[in-house]
Amino acid sequence: MYIRRTAVVAMAAVTTAALTLGGCDDGRPVTEGSGGKGRPRPMSTAEGAFDVEKAVRDADPTPYSAHMESDSFVGGKVTMSISGRFNLNSRGGATARVHSGDGMPADQAVDEDVVMTAKSIYRKDLTHGVDSPWQEETNDGRQMGNEYANYARLMLGLGPKARKGMERLGGVPVYRLSAALSNDQITAADPAAGEKVRAIQKGAKIPCDLLINKDGRVVRMEQWLGRTTAAHTVITMTDMLPGTYKVTPPTDAIPASPDPDPDPDPEPNPARDA
């Protein structure tokens, strides 16, 4: 049950799925299979360059939707992948596929379709077949997606050392921010992630990279998690559209039941949580 809870947390704020990846100049290892597709490239000219601070400051705070891909790795092997469309800067709305990879123990394998509204999360466990029933869980309805802007503002506030310059991602100019963040900094940007990080990192800093487009939106986030930087997650956001998209919940779901123990999760484990 723990891994499913983790997958749902990832749906609710993709950043907290594995809590995780990294960057460039502070000794972080680079492993095969760690998000190489669509790898950013340094810009050879200033063409398309923009003021990242102004872009983030002027970013539109209204709701929007984006296609998200999240891949988590331990030791270069995929442990969890999430792919779907999310409403951001809003109180819910997403449809996604959540599935584990070769890096996840077979007895913890996950393969789910997930539909999320402001009030409920619906899961279909595909490991039991496509005809398995939808299960409803209560959703806290908290704001989604604003944590990315929080990370951007936080890292810009660290000054020149976090500002790594312009690159291109898929031919599009982006600006890289890179820093190792403390527990308190993570918690300030994203309280849900901060809680999990505090238990796992035990005071160790977390390398974090953001790529930001000219509209001030985060289009890629990477972190390393674990005191030996064992877990690595890459989150990309594409096809951003203004406003929210309509999410239709399944009509035949088994209703949510009260949870007698709201947080029975065992002590966090970086390999499992990724």
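The side chains of Glu 137 and Arg 123 meet in a salt bridge, with N and O 2.8 Å apart. A salt bridge here is a side-chain nitrogen of Lys or Arg within 4 Å of a carboxyl oxygen of Asp or Glu. Glu 137 lies in strand β7 (residues 134-138) and Arg 123 in strand β6 (residues 120-125), so the pair ties together parts that are 14 residues apart in sequence. Helices (H or I, at least four residues) and strands (E, at least two) are DSSP runs, numbered from the N terminus.

Before going on, a word on where this comes from: the model is predicted, so local features need pLDDT of at least 70 and side-chain atom pairs count only at pLDDT 80 or more, while totals for chains, interfaces and linings use all residues. Residues are numbered from 1 along each chain as its sequence is written, and side-chain values use heavy atoms, with hydrogens and water left out.

Back to that pair. How covered are the partners? Arg 123 counts as buried at 7% relative accessibility, whereas Glu 137 is partly exposed, with a relative accessible area of 22%. Buried means under 20% relative accessible area, exposed means over 50%, and partly exposed is in between (1.4 Å probe, protein chains only).

**Other salt bridges**

A search of the whole structure turns up twelve salt bridges. Side chains of opposite charge can pair when their charged atoms come close. Here are three of them, including the one above.

| Pair | N to O distance |
|---|---|
| Glu 137 and Arg 123 | 2.8 Å |
| Lys 214 and Asp 215 | 3.5 Å |
| Arg 220 and Glu 222 | 3.2 Å |

**Strands β2, β3 and β4**

Strand β3 (residues 77-88) is mostly covered, with nine of its twelve residues buried. What does β3 pair with? Strand β2 (residues 64-74) pairs with β3 in the antiparallel sense over eleven bridges, and strand β4 (residues 94-100) pairs with β3, again antiparallel, over seven bridges. Two strands count as paired if DSSP finds at least two bridges between them.

Each hairpin has a residue with a positive phi. The hairpin of β2 and β3 has two residues between the strands, and there Gly 75 takes a phi near 60°. In the hairpin of β3 and β4, with five residues between the strands, Asn 89 takes a phi near 55°.

Some residues face each other across these pairings. Met 80 stands opposite Ser 100 in β4. Asp 71, found in strand β2, stands opposite Ser 81 in β3. The side chains of Asp 71 and Ser 81 also make a polar contact at 2.7 Å. That term covers a pair of N or O atoms within 3.5 Å; within protein, one must be able to donate a hydrogen and the other to accept it, and residues adjacent in sequence count only if both atoms are side-chain atoms. Asp 71 counts as buried, at 17% relative accessibility.

Which residues of helix α5 (residues 191-201) are buried? They are Ala 193, Gly 194, Val 197, Ile 200 and Gln 201. These residues cover an arc of only 135° around the axis, which puts them on the same side of α5. The arc is that of the directions from the helix axis to the C-beta atoms. On the other side of α5, Pro 191 and Glu 195 are exposed. Lys 202 follows α5 and has a positive phi, near 50°.

Ile 206 is found in strand β10 (residues 206-212) and is buried, with a relative accessible area of 2%. Leaving aside neighbours within four places in sequence, Ile 206 is in contact with residues including Val 197, Gln 201, Leu 181 and Trp 224. Contact means heavy atoms within 4.5 Å. The C-alpha atoms of Ile 206 and Ser 182 are separated by 6.5 Å, though the two residues are 24 apart along the chain.

**The chain overall**

The protein chain has six helices and twelve strands. Buried residues make up 50% of its 274 residues. Among contacts between residues at least 6 apart in sequence, 63% join residues at least 24 apart.
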